[in-house]
Amino acid sequence: MSISKDIGLSILAALFPPACLACGRVEGKRSLPLCLCGHCRSLLRSVESLDCARCGLNLTSAGLSGVFHCQRCQKENDAIASQLTLWRYEFPLDSIIHGLKFKRMEFLGPQLATALHHKHSDVLSEINVVVPIPLYWYRRLGRGYNQAEAIGLPLSRMLEIPLVRALWRKRPTRAQARLDRGQRLQNLESALAPTSLGVQTLRNSRILLVDDVMTTGATLSAAAHCLALCGVQSVTTITVGSTASEQRRKGASVYNC
């Protein structure tokens with residue numbers, strides 16, 4: 001049976017060779033990791049140091065490696081303990097995220113989760129609950145799934161901890177694209193709330209809050225404040241991509257909805 005399956009896959013790969021999501025290049029392989037050719041994968045840039053999600057201050061130069069906000073902004077938002085990310089949100093990562101969100105390529109979720117786990121396994125070992133950023137019901141219905149769950153669920157399985165849908169969107173919000181941080185915060189005001197399950201089960205938990213991309217940090221901040229209402233011990237955010245500090249200062253106009 002396995003031999004027949006291998007033959008079938010070889011025939012399919014020959015007839016329909018996979019194309020790179022970013023450049024369209026066709027490689028004669030059964031599959032491409034992250035749906036990128038070797039050249040485009042080499043262009044993915046790791047985020048070696050984090051910048052403050054609000055003001056763009058480089059946190060490594062400020063001596064605050066591994067935190068989400070600088071000391072000044074931390075006073076304004078103490079709900080998030082730390083923030084983890086993987087790559088800079090730019091070409092070709094934008095092609096992967098677009099495929100996951102808008103082309104029904106849900107299978108990219110486990111691949112991204114594996115990359116996150118490999119990069120941050122030491123920190124993730126301290127987490128005991130995974131919580132995805134929620135979508136409003138009709139957006140999830142149209143998309144077929146929640147991209148944050150597509151990443152968070154396989155990540156929870158790797159960590160052998162539960163995924164809890166602890167947040168919900170009470171009302172639809174405008175797409176976050178082309179909104180600056182102030183507009184995003186206003187857009188999200190009273191839109192997110194803890195679920196009854198979250199209130200009942202998350203007290204004293206160490207939460208991993210999962211989303212695909214962090215731009216201004218407004219969505220993650222609003223979600224973290226909702227989780228604080230559940231009495232959690234700490235919130236660590238994790239995203240596949242993060243925009244550069246220059247984009248945050250200008251109010252990054254990339255989609256994160």
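Me: Where in this predicted model is Y138 found?
Reply: Y138 sits in helix α6, which covers residues 137-143.

Me: Why does Y138 count as partly exposed?
Reply: Its relative accessibility is 42%. Buried would need a value under 20% and exposed one over 50%, so with 42% Y138 falls in between and is partly exposed.

Me: How many aromatic pairs are there?
Reply: The count comes to 3 aromatic pairs.

Me: What makes the pair of Y136 and W137 tilted?
Reply: The ring centres are 6.2 Å apart, and a pair needs them within 6.5 Å, so these two rings qualify. Their planes stand at 50 degrees. Stacked rings would be under 30 degrees and edge-to-face rings over 60, so the pair is tilted.

Me: And what is the pair of Y136 and Y138 called, and why?
Reply: Here the centres are 5.1 Å apart and the planes meet at 90 degrees. That angle is over 60, so the pair is edge-to-face.

Me: Is Y136 buried or exposed, and how do you know?
Reply: Y136 has 17% relative accessibility; the cut-off for buried is under 20%, so Y136 is buried.

Me: Is W137 buried or exposed, and why?
Reply: The relative accessible area of W137 is 55%. Over 50% counts as exposed, so W137 is exposed.

Me: What makes R45 and E90 a salt bridge?
Reply: The N to O distance between their side chains is 2.6 Å, and the limit is 4 Å, so the pair qualifies. R45 lies in the loop between α2 and α3 and E90 in the loop between β2 and α4, so the pair ties together parts 45 residues apart in sequence.

Me: Why is the pair of D212 and K101 called a salt bridge?
Reply: At 3.4 Å, N to O, the pair is within the 4 Å limit, so the name applies. The pair links distant parts of the chain, with D212 in strand β6 and K101 in helix α4, 111 residues apart. D212 has a relative accessible area of 0% and K101 one of 2%. Both values are under 20%, so D212 and K101 are buried.

Me: What makes R165 and E149 a salt bridge?
Reply: Their side chains meet at 3.0 Å, N to O, again within 4 Å, so the pair counts. R165 is in the loop between α7 and β4, while E149 is in helix α7, 16 residues away. Salt bridges with shared partners join R140, E149 and R165 into one network.

Definitions and conventions:
Residues numbered from 1 in each chain as written. Predicted model: local features only at pLDDT ≥ 70, side-chain atom pairs only at ≥ 80, totals over all residues. Heavy atoms only, no water. Phe/Tyr/Trp six-rings, centres within 6.5 Å; stacked < 30°, edge-to-face > 60°. Buried < 20%, exposed > 50% of the residue type's maximum accessible area, 1.4 Å probe, protein only. Helix = DSSP H or I, 4+ residues; strand = E, 2+ residues; numbered from the N terminus.
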